[in-house]
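The sequence and the structure are shown first.

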Amino acid sequence: MGRTVARFFSYLFVISAAIIAIFPIFALILASFKPMTELLQYGLNLKLQPDKLTLDNYISIFTGGGNYLLWYKNSLIVLLIATPISLLLSSMVGYGIAIYQFKGRNLIFLLVILILVIPIEILLLPLYRLISRMKLMNTYAGLILPFLVSPFAVFFFRQYVVGIPDSLVDAARIDGCTEYRIFFQIMSPVMLPAYGAMAVLLAMNNWNSFIWPLIVMQSNARFTLPVGIVSLNSPYSTNYKLMISGSALTVIPIIIIFFFFQKYFIAGLTSGSIKG
Amino acid sequence: MRKSVQLFSSKKVAPYVFTAPFVITFIVFFLYPTISTIIMSFQRIVPGEAKFVGFENYRILFDKTFYKAVSNTVVFTFWSVFILVTLPILLSVLVNYSITKFKNPLKMFIFLPAVVSTVVGGVIFRQIFGELDTSFMNSILSKFSIPPQQWTMKSSTGMLLMVLLAVWRWTGVNMLYFMAGLQNIPNELYESADIDGANWPHKFLHITLPSLQPVIVFVVLISVSAGLKMFEESYVFWQGSSPMNIGLTILGYIYREGISFGNLGLGSAAGLILLMMILIVSVIQLKYFGLLGKEEQ
C-alpha cells in the first residue's frame, strides 16, 4: 500500500516536471499559429481555438520580416563553416596530445585545461579590440576564428583517443601508413562516436551562441538569429509577429533533429556543459 | 623536396603539425588578449589613445554599481546552483528507481529545454510572465487572489525570472549527469541495506548521496562557473539596462562599460576581478576534490 502511494507521488512529481519543461516550448509553437491580437492580450497560453489558427505570422516573415531571413542565412553559414572546421582541428589536437610523446606535450595539455577553467568571457574586451584592429568586425571570420579550436572538444577527443588501444596505430605504422593517413583513414573512423557527440555540442554552441556575435556583428544585416531575435524586443516598437514565429522557426528544426539523433544530443550535451 | 616531405610526415614532426592549430589560436586569441587586458586595466582608453592611470580603474570599481553587479551575480549563482543540484538529483532518483512506464519519453521531455537557446527561452518567459493581468502567470496568481506582478520591474521577481530560466534550461542536462552516476552504484549495496531493514531515506542518505559525490562536485563546478559569468539570462529580459540595475551581472557590467561606453580600461579591470573570483572557486575545488572532478567522470 505504502509503495503504491509512493509510486503515485513519484509519477505525479516527474510528470509535472516534464509538463513544466515542455509547456513553454509547446506554448511558443502554438502561439506562432495564433492571431496576433490574441497574443497581445493574453501572452502565451494553452488556449486552443482550432478555427482561429493561422499561418499569418509565418507569412509575415517573408513579406515583412525585415532582415530575418538574412539572420537565418548568417546563422546557417556560421554553423556550416565553423562546426566542421572546429571538429577537424579540435580532433587533430586532441589526437596529437593523446598519441604522441613529444617535447611540450604536457605543457600543451596543461594549457588546454587552463583555458577550460578560465572562462573566455573575461577576454571579450581585448578580443573585441583585436578583431576590430584586424578589420574583422561584421565578418564571419571575426565571429568564428577566436573560438575555432574548442578546448573542451580537444579535451574530449584526447580522453577518447587515450582509450583506444595503441596496437591499432602500431599495426598501421608497420603497414607503412604515414602519420597523417593513420589519423584520417584508420583512427578517424574509430573516433566516430566522439565526432558525433562533439558535432552536436559544437553545432548547438554555434547556433545558440550569443554574447560574441552580439559584439562582433554590429550591423543589422549581419546579425545571427539570437542577436536578431533579441533586437526585435525594442521598447519603442516590438514586432511580436516576427518575434514569435521567428523564435519558433529557430527551435522547430532543432527539435525535429533532436528526435532523430537523441543519442548524439545526449552524449554531446552531457559531455560537459562547459561552452566550447 | 622529397626529403622535406618525409620530414613533414615523420613521427618527430607530426605531433607539432597536429597540435599547431591549438598553439596558434592559444597565442593569438588567448595569450595576447590576456596580456593586453591586464595592461588595459591600468589604462584610461579613449579612441586613438591610451594613458596609464595606475590603479584608477580598480578604484572606480569600488562603487555601488559594480557592487550591485557582484551581489546580483553571487545571488544568482547561489540559487541556480542550489536548485540545479537538488532538483535534478531528486528527479534522477525518482526516474531511475520509481518510474517504470514512459521512462524514456519523460526523460526526453525534461531534457528538451536544453536544445532551446536562452534567447528563445527569454522570448517565451517574457510572454508567460507578462505584466498584463491577463498574462499567463498573473492570471494563475489571480486564481489564488494574489495581485498581478510586474515581474521585470522588481528586484526579487527579476531574480526569480533569471533563476527560473536557467533552471528550466539546465535541469534535464544535470538530471542525465546524475542518472549516469546512479548507474555506477552496485545493486548489492541496496540489497544488503534491505536485508538490514533500512528504509529509503536511510538508503538515500547513506548509499545514493555518497556514491553521487563525484558527479555532484562536477555539476557544482560547472554551475558555479556558468553562474559567475552569467549574461544572457539577464540580457534577454532587459537588453542591458534594467531598472535600478536589478538585472546587472558582472559580465553585463563588463559589456556595458567596455562595449556600450567604450571604456575598455574599466571593463578590463572588472574582467580581472571576475577572473580572480573564478580562480579562487576553482582552486578551492581543485584542493578539496581533485582535478575538476573530471577524472572521475
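Chain A and chain B bury about 8,400 Å² between them, with 79% of that area on carbon and sulfur atoms; buried area is the accessible area (1.4 Å probe) that two parts lose on being put together, summed over both. On the chain A side, Ile122(A), Leu125(A) and Tyr180(A) lose the most area to chain B, together 9% of what that side buries.

This is a predicted model, in which local features need pLDDT of at least 70 and side-chain atom pairs count only at pLDDT 80 or more, while totals for chains, interfaces and linings use all residues. Residues are numbered from 1 along each chain as its sequence is written, chains are lettered from A and ligands numbered from 1 in the order in which they are written, and side-chain values use heavy atoms, without hydrogens and water.

The contact (heavy atoms within 4.5 Å) takes 95 residues from chain A and 88 residues from chain B. One salt bridge (a side-chain nitrogen of Lys or Arg within 4 Å of a carboxyl oxygen of Asp or Glu) is counted between the chains: Glu121(A) pairs with Lys229(B), the closest N and O atoms being 3.8 Å apart.

Within chain A, the domain assignment, which is automatic or taken from a database, gives domain 1 (2-54) and domain 2 (66-269). Their C-alpha centres lie 33 Å apart.

| Interface | Buried area | Share on carbon and sulfur |
|---|---|---|
| Chain A and chain B | about 8,400 Å² | 79% |
| Domain 1 and domain 2 of chain A | about 700 Å² | 97% |

Across the interface of domain 1 and domain 2 of chain A, 0 salt bridges are found.
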